[in-house]
Amino acid sequence: MTAKILIVEDEPAIAELLAFNVVQAGFYALRAENAETAWQQIRQYAPDLILLDWMLPETSGIVLAKQLRADARTCDVPIIMLTARGDERDKVLGLESGADDYITKPFSPRELMARIRAVLRRHIPVMPDEVVAIGGLELSPISHRVTAHGMSIELGPTEFRLLQFFMTHTERVYSRTQLLDQVWGTQVFVEERTVDVHIRRLRAALEHSKLDHLVQTVRGSGYRFSCITQ
Ligand code: CA
């Protein structure tokens, strides 16, 4: 799957340059000039990575990074902060706000692309592109759609990945740590209970079609995706 990169930058010339480089590197580029349009883009397209300018009008990049980290839908989307400020204190502040990496303007496009690739590699375990169908569910990675008995289901990006992992690894128990490694990636420092939050969301999404029983809790061990009723 081609990674979608959201560029949040209010200066048109820099946004243009970033988008050009992102597309050249083989990614999809999405753009937003402020926090409000960034959220619209996130809701609509679920980007795989966010390039976030520190100095934005109204809501600053730091505040937006904190909001992104606090929201279950975006808490695990990698963020690279862009800034004209270069001192160490700012860097620490940027990383503390939830950014995964930090790059100072003016940046070399080559360095920025190397950072993007490194952050994406770290965060996105590769999932297959094939359509998978099981237990009344059908998931298509290319169109990013899930249907239950032919009816479309809305899933957040993490729930989608979690379901895709489960549907391709059925009838096996996975611990929370294993799921974090397989779905979130090994370098991500998220708490184990994050898994429970997304499992709950996934079950809630499947409940309408009465398919939530497919995601089973195995007490003391973790979770299993199974078509065999518990
Ligand atoms: Ca700016």
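Gln178 is partly exposed, with 34% relative accessible area (partly exposed sits between buried, under 20%, and exposed, over 50%, using a 1.4 Å probe and protein chains only). It belongs to helix H7, residues 176-184; helices here are DSSP runs of H or I with at least four residues, strands are runs of E with at least two, and both are numbered from the N terminus. Leaving out residues up to four places away in sequence, Gln178 touches Arg172 and Val173, where contact means heavy atoms within 4.5 Å. Gly94 is 84 residues from Gln178 along the chain, and their C-alpha atoms are separated by 29 Å.

## About the model

This is a predicted model, with local features needing pLDDT of at least 70 and side-chain atom pairs counting only at pLDDT 80 or more, while totals for chains, interfaces and linings use all residues. Residues are numbered from 1 along each chain as its sequence is written, and side-chain values use heavy atoms, with hydrogens and water left out.

## Two domains

The protein chain splits into domain 1 (4-123) and domain 2 (132-225), with bounds that come from an automatic or database domain assignment. Their C-alpha centres lie 27 Å apart.

Now for strand S1. 5 of its 5 residues are buried, so S1 is largely enclosed by the rest of the structure. Lys4, Leu6 and Val8 point one way from S1, while Ile5 and Ile7 point the other way.

S1 runs parallel to strand S2 (residues 28-32), joined by 5 bridges; strands pair if DSSP finds at least two bridges between them.

## The calcium site

Which protein donors does the calcium ion have? They are Asp10 (OD), Glu11 (OE), Asp53 (OD) and Met55 (O), lying 2.1 to 3.0 Å from the ion. Donors are N, O and S atoms within 2.8 Å of the metal, or 3.2 Å for Na, K and Ca; water is not among the atoms, so sites may look incomplete.

Asp10 lies in the loop between S1 (4-8) and helix H1 (12-24), and Asp53 in strand S3 (residues 49-53), so the pair ties together parts that are 43 residues apart in sequence. Asp10 counts as partly exposed at 29% relative accessibility, whereas Asp53 counts as buried at 2%.
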